Amino acid sequence: MFRALRLIDCMFDLMKGGVDFHRSILDIRRHDHVLYNHSLNVCFMGLAFVSFLGWDAPKAQNFGLGAMLHDIGLIQLKPELLNKDAPRNGFKTTDSHPAVGYKMLSSMPGMRREVRYMALQHHENGDGSGYPAGLKINAIDPWARVLRILDHYETLTSGNSSKRPKSSKEALMAMAALQEKNIFDMNYFMNFIKFVGKT
Ligand SMILES: [Fe+2]
Ligand SMILES: [Fe+2]
């Protein structure tokens, strides 16, 4: 109960974020309801997870902001591309969304660096196999490393993709298999397993 109230508090504080934030959320909703659900889920789960990690309220609130807006770059693409984007020469049109999102967030006054980097780096993998920059784990901003885990878990467990949603256990097992290649930050990943176990 206490944790639920804290989450609502955090969400309420987030909603005081100003016109840019409200407009961005509505833009995402208008663009594609699957993307909107994904963004909301990642935001809620993210607020709960960073509070589990012991982050203080202002830090958690900014993280929630980045989690809600991390895929905002996708709204510049046609909705029909979002779920059916086939790779061409190894590059999908949607692969541009981290850099586009970073640019959009950078144009909003007062957006923290870490929040902008959540958009830019949430598809980077610890082994350098991600995009857009192919960064290794130490070069990825810690907030983006946390988001990488939440984003992947949400995608696996949601009913939003064409694939059958995985149970929490199946999703964690699939992620543990990926972790053999050090895709995620090990410390945050171990904490995330504990977090999911407790919820
Ligand atoms: Fe993304
Ligand atoms: Fe995402």
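Trainee: Why are α3 and α8 called oblique to each other?

Mentor: They pack at an angle of about 130 degrees, with their axes 10 Å apart. Axes are lines fitted to C-alpha atoms, for helices over the stretch in contact, and angles run from 0 to 180 degrees between N-to-C directions. Under 35 degrees counts as roughly parallel, over 145 as roughly antiparallel, 65 to 115 as roughly perpendicular, and the rest as oblique. α3 and α8 are therefore oblique.

Trainee: What should I know about the model and its numbering?

Mentor: The model is predicted: local features need pLDDT of at least 70, side-chain atom pairs count only at pLDDT 80 or more, and totals for chains, interfaces and linings use all residues. Residues are numbered from 1 along each chain as its sequence is written, while chains are lettered from A and ligands numbered from 1 in the order in which they are written.

Trainee: How do you know that the span of α8 is close to the expected one?

Mentor: α8 covers residues 142–157, which is 16 residues. The expected span is 1.5 Å times one less than the number of residues.

Trainee: Why is α8 called mostly covered?

Mentor: A residue is buried if 20 or more other C-beta atoms lie within 10 Å of its own, exposed if 12 or fewer, and partly exposed in between; C-beta atoms are placed from the backbone. In α8, 12 of 16 residues are buried. Among them are Trp-143, Leu-147 and Tyr-153. In the protein, 37% of the 199 residues count as buried.

Trainee: What do the buried residues of α8 pack against?

Mentor: They pack against α3, α4, α7, α9 and α10.

Trainee: What makes the contact of α3 with α8?

Mentor: α3 passes α8 in a right-handed crossing. The contact includes Met-45 and Phe-49 of α3 and Val-146 and Leu-150 of α8. Contact puts C-beta atoms, placed from the backbone, within 7 Å. The residues divide into seven nonpolar, three polar and two charged. Ala, Val, Leu, Ile, Met, Phe, Trp, Tyr, Cys and Pro count as nonpolar, Asp, Glu, Lys and Arg as charged, and the others, Gly among them, as polar.

Trainee: What makes α4 oblique to α8?

Mentor: The angle is about 55 degrees, with the axes 11 Å apart. That makes α4 oblique to α8. Phe-63, Gly-66 and Ala-67 of α4 meet Trp-143, Leu-147 and Leu-150 of α8. Five of these residues are nonpolar, one is polar and none is charged.

Trainee: What angle do α8 and α9 make?

Mentor: About 130 degrees, with axes 9 Å apart. That makes α8 oblique to α9. Their crossing is right-handed.

Trainee: Why does Asn-182 count as partly exposed?

Mentor: Asn-182 has 16 C-beta neighbours inside 10 Å, so the residue counts as partly exposed. Asn-182 sits in the loop between α9 and α10. Its phi is near 55 degrees, a positive value in a residue other than glycine.

Trainee: Which residues does a cis peptide bond join?

Mentor: Tyr-131 and Pro-132, with omega about 10 degrees. Pro-132 lies in the loop between α7 and α8.

Notes. Helices (H or I, at least four residues) and strands (E, at least two) are DSSP runs, numbered from the N terminus. Two residues are in contact if their C-beta atoms, placed from the backbone, lie within 7 Å. A crossing is left-handed if the near helix is turned anticlockwise from the far one by less than a right angle, and right-handed if clockwise.
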